[in-house]
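Please open the model in a viewer and keep the selection panel at hand.

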Amino acid sequence: MTTTQNRPRIDTAAMPAQEADTLARVILSAAARAFEDPEVAADYKHWKQQRKPKGEKA
């Protein structure tokens, strides 16, 4: 693992497939739990709305 601008960078190509799969499952599970929080879900909805091209409806 290397660090880029104070953020860890994981070279998944150098990982055994089983370890990469485990890492992906852990990250997906954490993201799913985070979105169960209404505040996180509302922040995401707001962020997504801001990224829509002008004139596009919801």
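The model is a predicted one, in which local features need pLDDT of at least 70 and side-chain atom pairs count only at pLDDT 80 or more, whereas totals for chains, interfaces and linings use all residues. Residues are numbered from 1 along each chain as its sequence is written, and side-chain values use heavy atoms, with hydrogens and water left out.

Phenylalanine 35 sits in the loop between α1 (17-34) and α2 (38-51). Helices here are DSSP runs of H or I with at least four residues, strands are runs of E with at least two, and both are numbered from the N terminus.

The whole structure contains 2 aromatic pairs. Phenylalanine 35 and tyrosine 44 form an edge-to-face aromatic pair, with 5.2 Å from centre to centre and 85° between the planes. Rings of Phe, Tyr and Trp (its six-membered ring) pair if their centres lie within 6.5 Å; planes under 30 degrees apart count as stacked, over 60 as edge-to-face and the rest as tilted.

Now extend the selection to Trp47: Phe35, Tyr44 and Trp47 form one aromatic cluster. Shown as a surface, Phe35, Tyr44 and Trp47 make a nonpolar patch of about 320 Å². Such a patch joins nonpolar side chains (Val, Leu, Ile, Met, Phe, Trp, Tyr) within 5 Å, and like charges within 9 Å, from residues with over 30% relative accessible area and no salt bridge.

**Helix α1**

Move to arginine 25 and aspartate 21, both in helix α1 and 4 residues apart, about one turn of the helix. Arginine 25 forms a salt bridge with aspartate 21, the closest N and O atoms being 2.8 Å apart; the term requires a side-chain nitrogen of Lys or Arg within 4 Å of a carboxyl oxygen of Asp or Glu. The structure holds 1 salt bridge. Arginine 25 is exposed at 58% relative accessible area, while aspartate 21 is partly exposed at 37%.

**The start of α2**

Select aspartate 37, which caps the N-terminal end of α2: one of its side-chain oxygens lies 2.8 Å from the backbone nitrogen of glutamate 39.

**The whole chain**

Finally, select the protein chain, whose elements run β-β-α-α from the N terminus on. Of its 58 residues, 2% count as buried.

Notes: Buried < 20%, exposed > 50% of the residue type's maximum accessible area, 1.4 Å probe, protein only. Areas by Shrake-Rupley, 256 points an atom, 1.4 Å probe, with all protein chains shown as cover. Polar contact = N/O pair within 3.5 Å; in protein donor to acceptor, adjacent residues only side chain to side chain.
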